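Trainee: I've just opened this one and I'm a bit lost. Can you walk me through it?
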Amino acid sequence: MSRLLTLENVHTHIGQYHILQGVSLTAEEGEVTVLLGRNGAGKTTTLRTIMGLSPATSGTIHYNGQDITKLPTFSIANGGIGYVPEDQAVFTTLTVEENLKVAMRKEDEAAMARQDYVLTLFPDLKKFWKKEGGHLSGGQKQMLAMARAFVNDNRLMLIDEPSKGLAPIVIESVMEAIREMKKQTTIILVEQNFSMAAGVGDTYTLIDDGETVQSGRMEELVRDEELKRTYLGIA
Amino acid sequence: MDLLLNLTVNGLATGMLIFLLAAGLTLIFGLMSVLNFAHGGLFAWGAFSGVFFYGVTGSFLISVIGAVLTGVVLGFITEKLIIKPVYGNHVQQILITLGFMLVLSEMLKVVFGPNQIAAKTPDYLSGSWEAGGVILIKYRLFIILVGLLVFAVVQFILKRTKIGLVVRAGVINKEMVQALGIDINKVFLYVFMAGAGLAALAGALMAPYSGVVYAEMGLEFAILAFIVVVIGGMGSFPGSLLAAILVGLAGSYMAYFVPSLSLAVNMILMAVVLIFRPQGLFTAKEA
C-alpha cells in the first residue's frame, strides 16, 4: 500500500477568517479515509483546499508524489482527483446525460464503458437520462454528483457528506455505491453520520477548530468512547 | 398594410443589428458575469475596420471577415489587459471598461481621423425588391438573414457541442466546472473573444446600413445593446434575440406613428418589462 495524498500542517484563510489552522492527514491508496469533526470544524474546507478551490495559505499538499499545493483547480482535477461537493453542484439546466458528458475528460471507448459501469451503480440515472439535473430528487442529485466524479478514471475521490438530507433508504444505496467505488479508487469521505462512516471507513482523521486532533484506524476510534464523546458528541 | 410590412422589415433589420451587438454582451455577462461597457468600442472598431478592409480589398466578404478578426484580436487584448484583473468586481468592471470604451473611441480618431467616413453597400446588396406593393430593401433582408444565422449557429454550439456544454455548465457553476478539470479561464477568454467578434460583425454590418461610421457610434449603440440585454434577461441568448426584435420593431413603428416618442420607447419598454418581470423575459439559465 502506498501513500497517495499527504497534507502537512495546512492553513487556509477565507477572506479574513483563518479556517484551517494546521490540518495534516494522509490517504493510503485503496482505502477510505473519513474526515470527522463537529459542524464548522473545517472538514469541507479541507476538501476544498485539496482541490485548490480554497487554496492553502501555508503548509503542503502532496498527491502521488507531486506538490499540488499551488496548482490551479483544473490541473489538480486532471491529475486524477474527483470531487463531490456537499451541495452536489449538479448543473441544473443540463440533462443527466449532459452532466456526465461535461465531466468526461475523454469520450473514447474506455470512457463509454466506464459510463456504462457507473450507470449500473446508479440505475436511476439511466431512467432519468434526458431529465434536467434541477428536476431530480435529492437522492438522484447525489447519485449524479457521484457518477460525474466517478465517470473518469480518478485515483482519488473526495466526497463531502453524501448522506446529508437524504432519506434512510437512499442513504443505504449511496453508501452501497461508495463501497463499490472503494474497490476501484481511494476515497476521502466527509461524513457526519458516525455509524455510516464507521461502516465504510478504513482510517479516520479527526478535525476540531480547523486543526487535526488525531488520526488512526477506524476500528480504534470505534472502541475509543472518550474520543468520540469529546470530539463527536457521541455518548 | 404595406406600410406596416415595410416598417416591420425595417424594425426587424434594426433589431437584428442590435441583437448581434447584444449577443456578444449577453454571452460575456452570462458566462463570465462581466459588465463590459467597452463592448460598444469593439463594435465601432468593427465598423471602421470593415470600411477600411472594403476600401482596400473591394470585397465585402473579406471586409466582414477582417472586421470580425479585428474584433477577436481586440477582444483578446481587452480580456488579458482590462478584464482579467477585475473579475468578480462589478464596480471596477464598469469603471475600467467605460474608460477603455473611451480609449477605443479616441484610438479610432487617431488611426482613421476625426471625421466620419462614408460606408458603401456592395452592389449586389444594394437596391430593393418590390413584392405586392411592399418594398424589401436587399441589405435589410441580408441583415435579418445574418442575424438569424448567427442565432442558429450560436444555439447549435451552445446546445450540441462539448464547448457549448462547458459554457452552459459554467453559467450555472464555474467552480464545479473547474473541479471537473476544465480551465475556465481559457473558456472565459474564448467566450470574450467570440463576444468581441460578434460586436465587430455587428459594426461591420451596421456601416453600410447607416451609410457612415463615426467614433462615437459605439457608445450610442452600446446603450441600446444594454437595454436589450436587460429586457431579454441578463445572460440569456434567446432573450436577447426576442428583446432586440421588440426594440427594433418598437423603434420602427414609433418613429413613423409617434415620432416624438421614438427615442423614449426603448426606455418605456425596458421599464414595463422590469415592472412585470424584473429578471427580464428569460433568465440566464435558459441561455
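Predicted model: local features only at pLDDT ≥ 70, side-chain atom pairs only at ≥ 80, totals over all residues.
**Strands, helices and the contact between chains**

Trainee: Got it. In which sense do β3 and β8 of chain A pair?

Mentor: Parallel: β3(A), residues 32-36, and β8(A), residues 186-190, pair over four bridges. Two strands pair if DSSP finds at least two bridges between them. The names come from DSSP runs numbered from the N terminus: helices are H or I with at least four residues, strands are E with at least two.

Trainee: What's the strand order in the whole sheet of chain A?

Mentor: It runs β6-β7-β8-β3-β9-β10, six strands in an open sheet with mixed pairing. β6(A) (81-84) and β10(A) (211-217) stand at the edges with a single partner strand each, so one side of each has no neighbour in the sheet. On average, neighbouring strands are turned by 15° against each other, direction ignored.

Trainee: Which helices pack on that sheet?

Mentor: One is α7(A), residues 168-182, which touches β3, β7 (156-160) and β8 of chain A. Its direction makes about 150° with that of β8(A). Another is α10(A), residues 225-232, touching β3, β9 (203-208) and β10 of chain A, at about 40° to the direction of β9(A). Axes are lines fitted to C-alpha atoms, for helices over the stretch in contact, and the angles run from 0 to 180 degrees between N-to-C directions. Contact means heavy atoms within 4.5 Å.

Trainee: New topic. How many residues are in contact between chain B and chain A?

Mentor: 17 residues of chain B touch 24 of chain A. Together the chains bury about 1,800 Å², with 64% of it on carbon and sulfur atoms. That area is the accessible area (1.4 Å probe) two parts lose on being put together, summed over both.

Trainee: How many salt bridges cross over?

Mentor: Three by the rule, which asks for a side-chain nitrogen of Lys or Arg within 4 Å of a carboxyl oxygen of Asp or Glu. There's a salt bridge between the side chains of Arg168(B) and Glu98(A), at 3.4 Å, N to O. On the chain B side, α6 and α7 each supply at least two of the residues that touch chain A.

Trainee: Tell me about α6(B). How many of its residues are buried?

Mentor: Nine of its eleven residues (162-172) are buried, so the rest of the structure largely encloses α6(B). The buried ones include Leu165(B), Val166(B) and Arg168(B). They pack against α3 (96-103) of chain A, along with α1 (2-32), α5 (138-160), α7 (174-179) and α8 (184-210) of chain B.

Trainee: Is α3(A) mostly covered or mostly open?

Mentor: Mostly covered, with six of its eight residues buried. Glu98(A) is one of the buried residues of α3(A). Its cover includes α4 (109-121), α5 (123-127) and α6 (138-150) of chain A, plus α5 and α6 of chain B.

Trainee: Last one: where does Asp209(A) lie, and what is its phi?

Mentor: Asp209(A) lies in the loop between β9 and β10 of chain A. Its phi is near 50°, a positive value in a residue other than glycine. Asp209(A) counts as exposed, at 57% relative accessibility. Asn9(A) also has a positive phi, near 45°, but lies in strand β1(A), residues 3-14, and counts as partly exposed at 44%.

Technical notes
Residues numbered from 1 in each chain as written. Chains lettered and ligands numbered in written order. Heavy atoms only, no water. Buried < 20%, exposed > 50% of the residue type's maximum accessible area, 1.4 Å probe, protein only.
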